[in-house]
Amino acid sequence: MRDKWGEALTTQEPIPPFVTPPWQQGPKTYIDKDDETARERHDRETATGHDLSIYTDGSGIEDRIGAAAVCPHTGDNQAAIWSVIKAEGRTGAYILEEIARQIQDLQDRGRPVRIRWVPAHEGIPGNEAADMAAKEATGWRENGRRAPTASEPPRLFTLRSTLKRRCKQQAEIAWNAKWRKETKGRATFRNTPSPTKRVLKIHKGLRKRDSALLVQLRTEKIGLKDFLFSRKVPDVASSRCDCGAIRQTVAHVLLHCRTHNDLRNRIFGDRPGRHNLRTILNKPQLATKAIEYMEQTQILGQFGIADA
Ligand SMILES: [Zn+2]
C-alpha cells in the first residue's frame with residue numbers, strides 16, 4: 001500500500017474512539033418528517049429573530065467537494081446531521097469531532113445550538129445561498145466558466161473509506177493489466193476477458209466431475225481433436241471433427257457441429273445466449289446445459305473426465 005500511496009497514507013485520517021464524551025449533552029437535532037413541516041418550522045422560528053441562523057450545504061462537482069456555511073442577517077444536508085448524532089469511531093469522525101468541540105464551546109458560553117434539517121429548493125433564501133456557495137467552492141460558476149476553488153480547510157485528511165476504495169481500485173487495475181498481458185491461458189482469457197470472482201459462482205453446486213469438465217471447456221484444454229492433435233497425442237491423426245469440420249474445437253462442438261444439432265436444440269432450447277460461447281461458459285444456467293450436452297455427445301470418449 002505504501003508503494004502505491006506514499007505520503008497519502010501518512011495523511012490518513014485519525015479516527016477518534018469517541019467524538020464526544022458519553023455524558024456530554026450534544027446539540028438538539030431535528031429532522032422533520034417532511035419538507036413542508038420543516039419549512040413551516042423554519043419560517044416560524046426565524047421570524048422571531050431571537051436566533052442566529054447559519055445555513056450549510058455540501059456539493060460535489062467534477063471530483064471536487066465544496067462545503068459552505070452561510071449566515072444571512074435574519075442545506076439540504078440530512079446525512080451530515082445524522083453523522084453528528086451518531087458519530088463514533090467511524091470514518092470522517094475527525095471532522096465531526098471538531099464540529100462537536102466547537103458546538104460544545106458555544107453551549108458552554110450559554111449559547112445553545114440547534115441543528116435542523118431544512119429542505120432544498122423550497123425558496124428558503126439562506127439555504128439557497130449555502131447551496132450556491134458550496135457549488136462555487138468547487139470552482140464551479142453559473143456562467144459555465146471555471147474559477148479558483150475555495151481554500152482548503154486547515155486540517156484535511158484522506159478519509160479511510162476513500163483510501164480503502166482507491167486501494168481496491170488500484171489492485172483491480174493492476175490485476176486486469178496483468179491478466180491482459182499474460183501469455184498463458186489465452187483461451188481462458190477469451191472466455192473471461194476480465195478476472196472476476198463471479199467465475200466461482202458458476203461452479204457452485206456442480207458435481208466434482210462436472211466442475212472439472214467446465215474448467216476444461218473454459219480453458220479449452222480438453223479431450224477434443226483440435227487440442228489433442230495440437231499436443232501430438234498418439235492415435236489422434238488430425239484436428240478434424242467426425243462431421244468433416246476442419247477443427248474440432250470447444251466452439252465447434254458447443255455451437256456448430258451438425259452431428260449434434262438435435263441434441264443441442266433439445267438441451268439448450270431457445271435460451272437466450274445459446275449461440276454465444278462466452279455467454280454459455282459464464283452464465284450458470286447455460287454452463288450447466290453445456291455440461292449436460294457434452295456428456296450426452298459422448299464425444300470426449302477415452303479422453304473424457306474420469307469419475308471422481
Ligand atoms: Zn463436428
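## Briefing: helices, a hairpin and an annotated stretch

UniProt places the feature "domain: RNase H type-1" at residues 98–137, in an unreviewed entry; such annotations may be inferred rather than shown by experiment. This is a predicted model, where local features need pLDDT of at least 70, side-chain atom pairs count only at pLDDT 80 or more, and totals for chains, interfaces and linings use all residues. Residues are numbered from 1 along each chain as its sequence is written.

**Annotated stretch**
- Over residues 98–137 the chain is 60% helix and 8% strand (DSSP runs: H or I of at least four residues, E of at least two).
- The end C-alpha atoms of residues 98–137 are 20 Å apart.

**Helix 10 and helix 15**
- Helix 10 (residues 208–219) and helix 15 (residues 284–297) have axes, fitted to C-alpha atoms over the stretch in contact, that come within 10 Å and cross at roughly 95° on a 0 to 180 degrees scale between N-to-C directions.
- That makes helix 10 roughly perpendicular to helix 15 (65 to 115 degrees).
- Asp210, Leu213, Leu214 and Leu217 in helix 10 meet Ala287, Ala290, Ile291 and Met294 in helix 15, with contact meaning backbone-placed C-beta atoms within 7 Å.

**Helix 3**
- Just after helix 3, Gly49 has a positive phi of about 75°.

**Hairpin**
- Strand 2 (residues 55–61) pairs with strand 3 (residues 64–70) in the antiparallel sense over seven bridges (pairing needs at least two).
- Tyr55 has Val70 in strand 3 as its bridge partner, and Gly58 stands opposite Ala67.
- Two residues lie between the strands of this hairpin, and Glu62 in the turn has a positive phi of about 45°.

Technical notes:
Angles under 35 degrees count as roughly parallel, over 145 as roughly antiparallel, 65 to 115 as roughly perpendicular and the rest as oblique. Two residues are in contact if their C-beta atoms, placed from the backbone, lie within 7 Å.
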